[in-house]
Amino acid sequence: MAPKKQKEGNKSRANLAEDEALDWLKPRTLLKPDDQEEVPEADLEEEVGRVLTTINPQWVADEVAYHYGQGRFVLKPKPTFGKAYPLYIYQGTAIRKDSEEAKAQIAAGYGMVGFDDAGPKRAKVKKSAAEEEEEEEPEPEPAAPAEEAKAEEDAVQEEEKPAAPEEVEAPVDEAAVGEETAVAEEGGEEAAPEEKAGEEPLIEEVITIKPRVKKLANQFNFCERAALTYNNPRRSVDTQTIPPPRANYGSTCLQSIIFDFYQEDYARKMKEKEDEKPKRLRKKAAKHAKSAQQIHDEQLAQRIREAWTILERLVNQNIYDDIAQDYRYWDDPSDEFREGMGSLLPLWKFQFEPMRSHAVCEVQWNPHYQDLFAVAYGSLDFTQQQKNGCLCLFSIKNPAYPEYSVITESPIICLDVYHETPYLICVGRYDGNVCVYNAQLTLESSYQYKSDSVRDKHSNIVWEIRWGARLIDGEASFFSISGDGRVVQWAVMPGELQATTIITLQSSVPPIPGPDGTLLTVNSCGSCICFHPEKADIFMVGTEDGMIHTCSLKYNRNYVRSVQGHHMPVYRIHYNYFNNSIYASCSGDWRVKIWEDGRDEPLFMFELGSPVGDVKWAPYSSTVFAACTADGKVYVYDLNVNKYRPICVQAVVSKKTKKLTRIDFNARLPVLVCGDTKGTSHVVKLSPNLRVMCKPPKKAQGVDQRTLQIMKLDKLLSLVRDPPFQTGVVDEKFDDD
Amino acid sequence: MAEEGAAATGGATAGEKVIHTYPLIRHSDMSEEMRTEAMELSVTACEKFSQNNELAARMVKESMDKKFGPAFHVVVGESYGFEITYECTTICYMYFGGNQAICIWKCS
């Protein structure tokens, strides 16, 4: 179209008819075809209604098809579902129960009513009849349509799936219930009454076990396939354990056998008990337990021994006959001419073979037997110590051999014979031990008591030992003093010795530093001890530095009194038998001093020219005392006769080889025993001048010797010094005890 | 053969005869524990049933069965001879009371 010139700007709709470009906006005019029927207007206004119906105009009621076999048109069978159009068809496998196929299967034994293997678990709850029916119906219903389908399948050869809408649906109960009831009503109604009849008895007994009906399975749709895992074959194995071992035993049981066995057993037990006892007790017990034969033997031996002793004495007496006579009866007649001087007559020498090289460290007469004296063999030579020592008891009647001897492990330095029981001798040893020997025991036995070597012994040589008073409980006790500065009291307990340190000797030396720097107090070494004859608490101690201390048992720290007596060790302190405040001391500084208790200065002092080993007062005279020195001499003094010079000086042993160590007066006889460093004890007799007795004054004839002696001494003392203006220390302090 | 002196010796009869009544093992190869058990048991039983040996034996046997297993045999008497087969480590032959002998053994 040639575009028109648009001179006129504004266009209106009215002018659209003129515009050919906007054809679509133009109102259409009604175009009439040419051959359209002419209808009057009135008919055109008429309203015509339209209705929807279910009538399918295209549905074919009867379809006909040409059957070539028959040669004619045959009516096609009507579909079972009528006018419905199948959307989905599934071929099931169930068959009707009452179909021939089913019946054939039942006859073959497939559809048997059987109990489930699970048993009573399938008991069903009571249900209403209606429910029962409903449940039952679906079962036969799929069978029925399936049967029909099968029949039709067999009949119809061609497979026209879209044209076979008569197929039965799946036998699923839930899905098919609705349709099947509608479709298979025809078949269902046939079966239902049958079922009902059969169900009736079942409905009534609902509580009982309802058997499960096995579903029929035809061989075309169903096949059974089973598999089994391999089970290992089983085998039996048996065995038997070895029975426990057995043994045989036989015996007879009779009264006699039982009794014998008991006796044996008892004897064995006793023996075992014996073996368990400690050795020493057993030894003692063994000693006592003797058979008859042994006792007889011992008695015999005892008598033989007695006979021999007598024989020995006889022989000795024969040998020493003249000496024995002298010992008793001879008095030196030359004394009358000697003006107060005396002499010592040597009688016997006592020696003990094994102890030849030992020194005599102590001699003491026995208080009970006047012919018996004890000798302690030890060693005073510190450069050559002996390994052992000996304690011997000699009797004058037998100068050849000691009556009793016992060898000890270490040298014996001191001894003391107990006054009460003269067979008990206590000894102090070089190694610091103290022992008590019982002379009554046989010689084989060792000491009766011994101090404990570990705890209780002295740590130094025991210099002197003295028996003391009995203790409160009645036990015997003795005191020992040793170089370690201790005075120890020993109590004789049954079986042991109990030690108590009485006092430790302090020395005046100031404390010296020890190896570890601490200051150690120095103990002075004690060398002799002597008890006051009357007061058992008081005793005197002499030390190695020459001090003489008076001590008391009650005070264990301080001395009652101290006197610097000597410059060398004090070897002996001895109280006068007649005056308890007079005592003598001797020491290695060659001096013998006579003291009075309470005075710091000695009453008498004698210088003997060599170290004095021992000093002893005479038991028969208050003014006679004897001392022995290292040059082998014995000095005898009588203060009544000569206050300054000895009345007897005699060399008992030769000066060169031996020294005299100890001396002792016999209590009853005018005999002296002295020991030397070569193991020999010499017994000497005092000549008459040495044992001058007092004559009682004419006025009082009946006064006894003792008082006379005391008087003599007092007279002597009064000459020497003023009468004591103050009582002695001893009396002063302890008067009130 | 260990002895256990449970009781003191009995009183002495005429002269030197001393009757011992303590339990005394004559032959035993039991373990220590079993042996003491057996001894105490038999002592108790014999003292309890001093008149009746059968009851005493029964008591011992039942106790031993309970404690150490079945098939124990017990003989209590004063005069008999025997020959037995026993399982090893389970025999105890003992005297008690001066005149009684008790034999315990196990054999199933």
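Keep in mind that the model is predicted.

Start with who touches whom. Chain B puts 37 residues into the contact, and chain A puts in 22 residues. Together the two chains bury about 2,600 Å². Of that area, 57% lies on carbon and sulfur atoms.

What about polar links? Twelve residue pairs are in polar contact between chain B and chain A, with both residues at pLDDT 80 or more. The number of salt bridges between chain B and chain A is zero.

Now the chain B side. Four strands of chain B each give at least two residues to the side that touches chain A: β1 (24-28), β3 (80-87), β4 (92-96) and β5 (100-106). The largest share, eight residues, is from β3(B). By type, this side of chain B has 17 nonpolar, 14 polar and six charged residues.

Stay with β3(B). Which strand of chain A pairs with β3(B)? That is β5 of chain A, residues 246-253. The pairing is antiparallel and runs over eight bridges. To find the spot on screen, go to A:Tyr249, which sits opposite B:Ile84 in β3(B).

Last, the backbone. Two non-glycine residues have positive phi. In chain A, phi of A:Trp590 is near 70°. A:Trp590 lies in the loop between β26 (582-587) and β27 (591-596) of chain A. Its relative accessible area is 39%, so A:Trp590 counts as partly exposed. In chain B, phi of B:Ala71 is near 65°. B:Ala71 belongs to the loop between α2 (53-68) and β2 (72-77) of chain B.

Definitions and conventions:
Residues numbered from 1 in each chain as written. Chains lettered and ligands numbered in written order. Predicted model: local features only at pLDDT ≥ 70, side-chain atom pairs only at ≥ 80, totals over all residues. Heavy atoms only, no water. Contact = heavy atoms within 4.5 Å. Buried area = accessible area lost by both parts, 1.4 Å probe. Salt bridge = Lys/Arg side-chain N within 4 Å of Asp/Glu carboxyl O. Polar contact = N/O pair within 3.5 Å; in protein donor to acceptor, adjacent residues only side chain to side chain. Nonpolar A, V, L, I, M, F, W, Y, C, P; charged D, E, K, R; others polar. Pairing = 2+ DSSP bridges. Buried < 20%, exposed > 50% of the residue type's maximum accessible area, 1.4 Å probe, protein only.
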